[in-house]
Amino acid sequence: MTQASSVQHVILAKPRGFCAGVVMAIEAVEKAAQQESKPLTVYHSIVHNHTVVERLTGRHGVHFVEDLDVLDALPAGGETLVFSAHGVSPQVKARARELGLSTIDATCPLVTKVHTEAKKYAREGYTILLIGDSARHQEVIGTLGEAPEATIIVGVLGKTGEGLHDPHTVTVPDPEKLVVLTQTTLSVDDTRRTVAILKARFPALVIPPSEDLCYATKNRQDEVRRIAPKVDVFLVLTSTHSSNGMRLYELAAELCPRAERLESVSDLAALDLSGVRTVGISSAASTPDDLVQAVIEQFRAINPALQVTEQGEWENIVFREPKKVGPGEQLGRLPV
């Protein structure tokens with residue numbers, strides 16, 4: 001970290017770091033891992049952060065898998081499976097039942113809401129335009145699985161790739177029977193622009209009364225939007241596969257002279273901060289706050305007179321603990 005002694009002021013965004021859904025999911029895994037007699041298995045990364053996954057693996061011996069058919073190959077595997085915060089498709093749940101597994105559904109309730117909407121509109125004969133940033137994102141895969149025959153994945157504005165349809169050119173079987181749903185962790189601005197394009201092309205498009213975008217996604221983007229224009233450099237602590245974290249990084253890059261992504265404090269060493277006096281910091285909803293604090297302490301070690309202020313308000317939302325259900329029971333979760 002070259003010439004970091006020039007940094008005089010750090011502005012921390014509130015909220016940042018863990019959202020209620022992430023807290024619920026991580027605590028569910030930690031509790032289950034402590035209670036189970038055999039190592040716990042989680043389908044997909046419980047949240048999209050390398051440090052969280054490494055800690056759960058190292059401290060609790062948790063196994064993470066992308067395919068339930070590999071469970072037999074795991075050493076000393078248990079009989080309990082946790083579904084990640086991103087949600088899973090009915091097909092994955094059915095496979096878990098076939099394998100005789102007990103399950104804990106740690107899907108974020110806001111993602112569950114989108115799944116419920118997908119099933120509802122599919123039953124009513126609608127085609128669903130599901131806006132996402134990747135057809136391979138676990139949340140998109142899970143929502144698609146609720147109504148695959150009725151769903152078309154539309155890339156959020158500017159996003160292209162295999163499986164994504166362009167909002168400007170996507171075709172639908174019946175423009176009079178159409179609804180839009182979204183991945184919960186997208187850019188607020190890009191999502192609104194994408195919906196506007198679709199609405200202009202398909203005037204009968206139904207937009208559900210409550211936005212699918214997660215409150216935590218919106219709140220973190222709002223605070224980055226306020227802070228980024230005030231600082232010389234904006235740092236976002238996030239893993240690259242965190243959709244909400246990468247959207248924070250992209251937003252900061254639009255509004256600030258310079259934005260940098262950090263996985264952890266060790267990434268600071270590669271940054272040249274010569275002449276930088278003010279730094280803004282935020283983090284993905286899946287990033288542990290001790291990683292942010294480690295960055296602050298690194299700055300303070302170089303400049304003991306460092307001024308640190310926080311801007312914004314913390315969220316005050318708690319989701320109930322998901323219950324464990326046996327293989328013969330209906331898979332579900334406690335109400336929010």
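Modeller: Two strands pair if DSSP finds at least two bridges between them, a strand being a DSSP run of E with at least two residues, numbered from the N terminus. This is a predicted model, so local features need pLDDT of at least 70 and side-chain atom pairs 80 or more, while totals for chains, interfaces and linings use all residues. Residues count from 1 along each chain as its sequence is written, and side-chain values use heavy atoms, without hydrogens or water.

Colleague: Thanks! In which sense do strand 5 and strand 13 pair?

Modeller: Strand 5 pairs with strand 13 (residues 324–325) in the antiparallel sense, over two bridges. Look for T103, whose bridge partner in strand 13 is V325. Strand 5 also has strand 4 (residues 80–83) beside it: these two run parallel and are joined by four bridges. There, F83 has D105 of strand 5 as its bridge partner.

Colleague: How should I read the two faces of a strand, and are those of strand 5 covered or open?

Modeller: In a regular strand, side chains alternate between the two faces of the sheet. Strand 5 (residues 102–105) is covered on both faces. S102 and I104 on one side are buried (under 20% relative accessible area, with a 1.4 Å probe and protein chains only).

Colleague: What is the strand order in the open sheet of five strands?

Modeller: Reading across that open sheet, the order is 10-9-11-1-12, with parallel pairing. Strand 10 (259–262) and strand 12 (307–312) each have a single partner strand, so they stand at the edges, with one side of each left without a neighbour in the sheet. Further in, strand 1 (residues 9–14) pairs with strand 11 (residues 278–283) in the parallel sense over four bridges.

Colleague: Now the rings, please. How many aromatic pairs are there?

Modeller: Rings of Phe, Tyr and Trp (its six-membered ring) pair if their centres lie within 6.5 Å; planes under 30 degrees apart are stacked, over 60 edge-to-face, the rest tilted. By this rule there is one aromatic pair. The ring centres of Y121 and Y126 are 5.3 Å apart and the planes stand at 85 degrees, so the pair is edge-to-face. Both Y121 and Y126 are buried.

Colleague: Which residue has its charged end over the ring of Y126?

Modeller: K177 does, with its charged end 4.5 Å from the centre of the Y126 ring. The rule asks for NZ of Lys or CZ of Arg within 6 Å of the ring centre and within 35 degrees of the ring normal. Y121 has a lysine as well: K120 lies over its face, 4.1 Å from the ring centre.

Conventions. Buried < 20%, exposed > 50% of the residue type's maximum accessible area, 1.4 Å probe, protein only.
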